[in-house]
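I have kept to what can be read from the coordinates, and each point takes up one part of the architecture.

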Amino acid sequence: MIDKQKFEELFNKRLIKNISEEQIDIVLSGQYGKALELLRDAEATGLFPALVGPPGVGKTILCRYFARLRAKENKNKNFNWLTMDESIKPSHFIGSFDPAITLKKGFVLEAFNPGPLLRAMLEGGTFLANEINRATEYSQNTLLEPLEEASISIPHLGRIKADKDFFFISAMNPEELSGTHRLSEALKDRIKVWIKLSYPDKATELDIIRINLPEHFVIEESELELIYSIINETRKNKIDIEIPASIRAGIAIAKLLARRKTLEKRGELKDKMSIHEYLSQVTQNVLLGSIKPKPGTKVENIIDSIVHKTLGV
Ligand SMILES: Nc1ncnc2c1ncn2[C@@H]1O[C@H](COP(=O)(O)OP(=O)(O)OP(=O)(O)O)[C@@H](O)[C@H]1O
Ligand SMILES: [Mg+2]
């Protein structure tokens with residue numbers, strides 16, 4: 001077991017005290033530059049925006065990057081975020097009373113642990129409500145006041161007005177994907193700027209894969225092209241595939257291939273597979289859990305046909 005002192009030491013060493021210290025490697029070509037501009041426009045006009053797009057298109061990284069820009073400009077304003085689902089209650093984002101202190105002293109400020117939304121409102125930070133359309137209507141309704149009035153009522157304590165720099169971003173997968181509640185009409189009406197992100201264009205996606213590879217990992221253009229064609233094939237097949245491979249899948253395949261090439265250079269390979277054969281194998285390993293087939297379709301069959309089409313194996 002880790003002792004208390006060691007734990008505190010490690011915790012403080014790893015604590016991100018300020019988002020402006022965080023290193024974020026982001027590609028801002030294509031849709032990302034435009035989306036960032038829209039976020040800045042929304043900020044400048046006091047309109048709260050939403051990012052809408054399928055899993056893994058870069059909603060979170062864009063928000064983090066934007067929050068970091070703001071933090072740098074506003075001198076250390078923070079970034080708080082929460083991923084919502086049906087089990088999220090308003091107390092998870094507003095905060096709650098510590099039972100032990102409340103028992104002794106009652107519902108006093110001292111007993112209250114602020115949640116990420118309240119903290120962002122107090123500090124003038126950026127709050128990201130990730131997967132906001134997965135929250136229940138009850139939780140969504142609690143967000144109406146912060147969105148409309150930039151204020152929030154805390155039970156027993158009163159109502160607070162947010163700092164003028166408070167900024168609320170929603171992110172969600174498109175409603176037609178299963179597993180999401182609809183966004184309530186009332187909430188929808190309060191989000192005034194809708195920013196759609198989809199799978200990036202080829203040049204941008206290749207840049208994203210490159211930027212996500214560790215420096216010592218090198219792969220050739222022709223190999224990157226192959227990886228892109230595999231990933232893109234999953235996005236073209238709308239008959240069998242409900243959710244295609246995201247950017248994450250391409251990054252994963254590229255990392256595995258790059259590692260193999262490093263081993264090859266060092267003469268440490270244990271087999272004689274060609275690049276195409278190896279790619280075919282890791283494509284299976286990565287795509288198995290990275291694509292969601294339509295009901296009644298076997299994911300293995302889809303992968304086989306993609307591998308055959310793109311790699312000829
Ligand atoms: N523009 C970009 N520049 C650099 N990396 C990116 C970019 N867009 C996406 N990525 C990378 O792709 C992966 C997925 O991005 P991210 O987590 O932001 O997606 P998301 O839309 O929030 O996904 P989810 O809906 O699953 O939460 C991450 O590894 C991220 O680093
Ligand atoms: Mg995300």
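**Notes on the predicted model**

1. I begin with the hairpin, in which strands S6 and S7 are separated by 3 residues, and in whose turn histidine 156 adopts a positive phi of about 75°. Please bear in mind throughout that this is a predicted model. The two strands, S6 (residues 151-154) and S7 (residues 158-161), run antiparallel and are joined by 4 bridges. Within this pairing, isoleucine 154 has glycine 158 of S7 as its bridge partner, while serine 153 stands opposite arginine 159 of S7.

2. The next point concerns the open sheet, which is built from 5 strands in the order S2-S5-S8-S1-S9 with parallel pairing. Its edges are formed by strand S2 (79-83) and strand S9 (193-196), each of which pairs on one side only. Neighbouring strands of the sheet are turned against each other by 20° on average, with direction ignored.

3. One residue-level example is alanine 129, whose bridge partner in S8 is serine 170. Helix H3 (residues 59-73) packs on the sheet, where it touches strand S1 (49-52) as well as S2, S5 and S8, and the direction of H3 makes about 170° with that of S8. Helix H6 (residues 116-123) also packs on the sheet, touching S2, S5 and S8, and its direction makes about 155° with that of S2.

4. Turning to the overall division of the chain, the protein is split into domain 1 (4-196) and domain 2 (202-311), and the C-alpha centres of these two domains lie 33 Å apart. How many residues of each domain are in contact with the other? The contact involves 11 residues of domain 1 and 10 residues of domain 2. Between them, domain 1 and domain 2 bury about 830 Å², of which 64% is on carbon and sulfur atoms.

5. As for specific polar interactions across this interface, the salt-bridge rule finds 0 between domain 1 and domain 2, and the count of residue pairs in polar contact, with both residues at pLDDT 80 or more, is 1.

6. Finally, the salt-bridge count for the model comes to 21 by the rule applied. Among them is the pair of lysine 309 and glutamate 233, for which the closest N and O atoms are 2.8 Å apart.

Technical notes: Residues are numbered from 1 along each chain as its sequence is written. Chains are lettered from A and ligands numbered from 1 in the order in which they are written. This is a predicted model: local features need pLDDT of at least 70, side-chain atom pairs count only at pLDDT 80 or more; totals for chains, interfaces and linings use all residues. Side-chain values use heavy atoms; hydrogens and water are left out. Two strands pair if DSSP finds at least two bridges between them. Axes are lines fitted to C-alpha atoms, for helices over the stretch in contact, and angles run from 0 to 180 degrees between N-to-C directions. Contact means heavy atoms within 4.5 Å. Domain bounds come from an automatic or database domain assignment. Buried area is the accessible area (1.4 Å probe) that two parts lose on being put together, summed over both. A salt bridge is a side-chain nitrogen of Lys or Arg within 4 Å of a carboxyl oxygen of Asp or Glu. A polar contact is a pair of N or O atoms within 3.5 Å; within protein, one must be able to donate a hydrogen and the other to accept it, and residues adjacent in sequence count only if both atoms are side-chain atoms.
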